[in-house]
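This report covers part of one protein model. Look at the sequence and structure below before reading on.

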Amino acid sequence: MGDFAQTGPVPTLHRLGPVDVDALERQLVAWSASSPMALIIPTLYDELDRRALPTIVEELAGVPYLDEVIIGVDGADADQFARAREFFAGLPMRHRLLWNDGPRLREIDDQLRKLDLAPAQPGKGRNVWYCLGYYLASGRADVVALHDADILTYSRAMLARLFFPVASPDFGYAFAKGYYYRTDAETLNGRVARLLVAPLLRALRTVTGPSGYLDHLAGFRYPLAGEFAMKRPLAADLRIPADWGVEIGVLGEVYRRLAPSQICQVDIADAYDHKHQPLSVDNPGDGLHRMAIDVTGALLRRLNLEGTVLDAASLRSVEAAYQAAALDLVETYHNDAVINGLATNRHEEEETVELFAGAVAEAGRAVLSGRSTAAFSANWTRVTSAVPDVYDQLLHAVEADAEE
């Protein structure tokens, strides 16, 4: 709740005062009669034992307008999946769990991989992709929203504000992206958004010149937010990276497929906190180190698709320009934190920038060499064209897993 400025190409729906959750939900209930709504939650099995997910389930149990909740469960064996079913059993609305590591969904995955249609590697993107496939197969809802399973500050108000712009019959939006600022009430968080994406976009715009795609990304106040809502036709046409480049990849697809007037961003929380990933300085396959490589790779791949020519020299320039812009932002964000009574550690932030600069270089080398980070998966429109009964297979697999 800071301003009502409209800057850049993305319409912004601000939070201008206290949220009347009951009023929002009454509207959503009324609209749900003709435009049903579904929610997707991709999760790791381990989240069941962390603080966030029990609160999320408790909050969701009181949401009156959802027709269906779809939970994608990664990393579960048979006993753990049975426990996950019990964990979510308290949800009063229809809910279905996708046992992504179970034999039935693995069989479908093997079939699609042979046709080069399934996501090439495990990760959040793969989880989201299969959940979207089940949402489309179910056919129960016209609007779908997605959020993560590790939101420590979750509330029904957050979900209502996320759905509202797309569910409204009067607004005309087909896609809404949530935004917020990241804090645990003591520290200014959101390092990948603040210290990687924001300065990297500045660097790319400086080195590669004008770009509608980069302007589009820069218009989002939190492009890495894991919360978004969309109408059903867009869900069928999205191609999604299998790795941690999901959010950047989705925004690129939205840019390609929708008119600017159909896209918005909405302030969904006064403050937001979730599970914090380690930097993993010495392990590029884990933590924020991997995330930085994946996010940068997704961004560079999309630039290539938009016609921007990237070579070794231009990418070296991008890396240098990124590091300069990021170090400037370290000081800016430090000042912003201090005036708001929050903490940042400038030494650690500059170390993070050094790590991210290496990640930018690594992602660039991968893109140039053709061994890039995860490629986009096929969209479900293409999958159903190649395998006409794939939706029936998904429905049967999920229902059979639910019954056992």
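The axes of helix α4 (residues 103-114) and helix α5 (residues 124-138) come within 13 Å and cross at roughly 100°. Axes here are lines fitted to C-alpha atoms, for helices over the stretch in contact, and angles run from 0 to 180 degrees between N-to-C directions. Angles of 65 to 115 degrees count as roughly perpendicular, under 35 as roughly parallel, over 145 as roughly antiparallel, and the rest as oblique. α4 and α5 are therefore roughly perpendicular to each other.

This is a predicted model, in which local features need pLDDT of at least 70 and side-chain atom pairs count only at pLDDT 80 or more, while totals for chains, interfaces and linings use all residues. Residues are numbered from 1 along each chain as its sequence is written, and side-chain values use heavy atoms, with hydrogens and water left out.

Helices (H or I, at least four residues) and strands (E, at least two) are DSSP runs, numbered from the N terminus. Contact means heavy atoms within 4.5 Å. On the α4 side, Arg106, Ile108, Asp109, Leu112 and Arg113 meet Arg126, Trp129 and Tyr130 of α5. The residues of this contact divide into 4 nonpolar, no polar and 4 charged. Ala, Val, Leu, Ile, Met, Phe, Trp, Tyr, Cys and Pro count as nonpolar, Asp, Glu, Lys and Arg as charged, and the others, Gly among them, as polar.

Arg104 is also found in α4. Arg104 counts as partly exposed because its relative accessibility is 25%; buried means under 20%, exposed over 50%, and partly exposed in between (1.4 Å probe, protein chains only). Not counting residues up to four places away in sequence, Arg104 touches Ala397, Ala400, Asp401 and Glu404.

Strand β2 (residues 37-44) has 7 of its 8 residues buried, so it is largely enclosed by the rest of the structure. Its pairings are listed below; two strands pair if DSSP finds at least two bridges between them.

| Pair | Sense | Bridges |
|---|---|---|
| β2 and β3 (residues 66-74) | parallel | 8 bridges |
| β2 and β5 (residues 143-146) | parallel | 4 bridges |

Leu44 stands opposite Asp74 in β3, and the bridge partner of Ile40 in β5 is Leu146.

Thr43 lies in β2. Thr43 counts as buried because its relative accessibility is 4%. Not counting residues up to four places away in sequence, Thr43 touches Leu53, Ile71, Gly72, Val73, Asp74, Asn127 and Ala149.
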